[in-house]
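The sequence and coordinates come first, and the description follows.

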Amino acid sequence: MPLLEVRDLIKDFGGLRAVDGCSFSVESGSITSLIGPNGAGKTTVFNIISGTIKPTSGRVLLGDADLTGQAPHAITRHGVGRTFQIARELGDMTVVENMVVAAPARGLLSVLRRDILARERSRAMELLDFVGIAHLADEQAKNLSYGQKKLLEFAAVLMPAPRLVLLDEPSGGVNPALLEHISARIEDLNRSGVTFLIVEHNMELVMRLSHTVVVMAHGDVLTHGPPDAVQVDDAVLDAYLGVA
Amino acid sequence: MGRTPRGLVLGALLLALLATPLSAPFLDSYNYVLQVMIVMFMWIAMTSSWNIIGGFAGYTSLGHGVFFALGGYLSGSLFVYLGLSPFLTAPLAGLVAVGVGLLVGLITLRTRGPSFIISTIALLLMTNLLINNWQFVGGANGMSLPLPTLPLAAAKASFYYAMLVAAVGSVYLAYRVKRSKFGLGLRAVAEDETKAEVAGINTRMYKIAAFALSAFFVAVAGAVWAYSLAYLRPVTFLSIAIAADFVLMPILGGRGTVAGPVLGSVLIVGVNELSVAYFGGTALNLVATGALLLVVLLFFPQGIVGTLRQHRRLPRILDWD
Ligand SMILES: Nc1ncnc2c1ncn2[C@@H]1O[C@H](COP(=O)(O)OP(=O)(O)OP(=O)(O)O)[C@@H](O)[C@H]1O
Ligand SMILES: [Mg+2]
């Protein structure tokens, strides 16, 4: 059963059609990768799913809910979390504050409570420990290295216990040993029921983690299927080499 | 550690402020000192309130003079036409300002950055035009309020206490907001609105709530100020100079911090008074304020409290966040 379904997405930026009739679905409980050459439209699709840009046309469905055109915060509250290709930390806040901001209170009374509750701090510490940056908890986020910022964003997106996590290039700027660690974390979380949609250029990682690979080129889906089938698809190779 | 030295010092300061009006028999310049303090308290109340939207959420409003005028004219009219004391109607004026803030916020907060600033200036100009032509509140000629029946010294003391209550209330409100989840969300909005929104914060609602809340103590201060002036004209509340002070004082002290607007208000009102005392003229007055701003911001680009905190040099006595 698909958890997420995007149907016939089109996005025009002025004269440029960045997404051109893209349709695919993400099975509930799967790790699905979205790959394709630079400029294929992957991040734009993420932006549409998470609501930060509105599609020119097409729909985004999460289970029975229609997310199309909803505000980003509403989409997040449906249990969809995302990270950014270029880590986007709140630099003047501490690492723990960045974590707590990622799971905001709802309702008037809870919004008036103390900014960081003890249980929120302990959950944040758990997750920071999980990605190996617990020792930086009270550091200003702007003082982190780029890789550490990516790790912070990965930990923060898990704060509200999302159903579906969209990761835009989780390997970017992260050293290979840590990357092992992160991919192990993704698999752990996936086993506990979290669905992943991952944009990634590291093919080794993609082939190892994914149940399904969706290949995009020129704003549209070129092909999709299990990693070993996609890997030997000539059209995919052509797209990457710019022949198609 | 319930009893920190900071708590003691601030408590003592508050007691001293409460006791000041009792010093009448010993002070030659009693009325003058109280008047300066009233102006300081007024600006502390107003800039601490402004800081909720302008500092925490990072939306620079040049339109808060509108709430200042609303407080003054609403309480003033209730006094003139119904005989209700502005001390009683000041909180009401605050609530009305919150309501107006909600409506205005719904519209102006569709914009951000420079467009937002310009939309708040437009609001100021429109309100100025409205009041200048509204005869019910005296139009451009202004409106006289009945004089307080108390003797001058007692009247001064009552304005003093009313403004002190507004100042303490406003600082306390800012402090509570700063430490709440609401305040954390506003800080996220100030830094990266898209990120805040994706994190699950209803940024539009947060901003509108912050804007509305920031109007409350500005209107309360306006009501008390109007009573103490006894004669209201649009320019008293809606001048560009006043609109600028709302922004300059928090920037000088450190916008987005709780102590910043307080420090900025004390400094600017203080320098103003000193330069009036020494130079008399209004032009030099402005030069003195400008010079203060320039020098301070050269060395404290984040405002005094902001920059000291960044360098971990902020004395605990000024660390109110
Ligand atoms: N906000 C925007 N305004 C104008 N054009 C945009 C915008 N965002 C993306 N584009 C264009 O849309 C196309 C797809 O960009 P997108 O970022 O989605 O690619 P991508 O597949 O994520 O690439 P990469 O692998 O390099 O991250 C590009 O040509 C890009 O220049
Ligand atoms: Mg991209």
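A residue counts as buried under 20% relative accessible area, as exposed over 50%, and as partly exposed in between. The model is predicted.

## Shell around ligand 1

Ligand 1 has 14 residues around it, and those that come nearest are A:Asn38, A:Lys42, A:Thr43, A:Thr44 and A:Gln85. By class, the shell holds seven polar, five nonpolar and two charged residues.

Oxygen atoms of ligand 1 lie close to polar atoms of the protein at several points. One is 2.6 Å from a side-chain N or O atom of A:Thr44, and a polar backbone atom of A:Gly41 is 2.9 Å from an oxygen of ligand 1. A:His201 places a polar side-chain atom 2.8 Å from a ligand oxygen. Ligand 1 exposes 630 Å² when taken alone, and the protein buries 62% of that area. Two elements of chain A, β2 (16-27) and α1, each give two or more residues to the shell. The most comes from α1(A), which gives three residues.

## Helix α1 of chain A

How many of the nine residues of α1(A) are buried? Eight are, so the helix is largely enclosed by the rest of the structure. The buried residues are A:Lys42, A:Thr44, A:Val45, A:Phe46, A:Asn47, A:Ile48, A:Ile49 and A:Ser50. A:Lys42 and A:Thr44 are also among the residues that come nearest to ligand 1. Just after the helix, A:Gly51 takes a positive phi of about 90 degrees.

## Loop residues

A:Ser30 lies in the loop between β2 and β3 (31-35) of chain A. Its relative accessibility is 5%, so A:Ser30 counts as buried. The C-alpha atoms of A:Ser30 and A:Leu3 are 9.2 Å apart in space, while the two residues are 27 apart in sequence.

Two non-glycine residues with positive phi are described here. In chain A, A:Glu169 has a phi of about 55 degrees and is found in the loop between β7 (164-168) and α7 (176-191). A:Glu169 is buried, at 15% relative accessible area. In chain B, B:Ala230 has a phi of about 70 degrees and is found in the loop between α10 (216-229) and β2 (231-232). B:Ala230 also counts as buried, at 11% relative accessibility.

## Chain B as a whole

Chain B contains 15 helices and two strands. Its radius of gyration is 19 Å, close to the 20 Å that the globule rule gives for 321 residues, so chain B is as compact as a globular protein of that length. The C-alpha trace of chain B spans about 55 × 45 × 40 Å along its principal axes. Of the 321 residues of chain B, 54% count as buried.

Terms used:
Residues numbered from 1 in each chain as written. Chains lettered and ligands numbered in written order. Predicted model: local features only at pLDDT ≥ 70, side-chain atom pairs only at ≥ 80, totals over all residues. Heavy atoms only, no water. Near = heavy atom within 4 Å. Polar contact = N/O pair within 3.5 Å; in protein donor to acceptor, adjacent residues only side chain to side chain. Areas by Shrake-Rupley, 256 points an atom, 1.4 Å probe, with all protein chains shown as cover. Helix = DSSP H or I, 4+ residues; strand = E, 2+ residues; numbered from the N terminus. Nonpolar A, V, L, I, M, F, W, Y, C, P; charged D, E, K, R; others polar. Rg over C-alpha atoms; globule rule 2.2 N^0.38 Å. Buried < 20%, exposed > 50% of the residue type's maximum accessible area, 1.4 Å probe, protein only.
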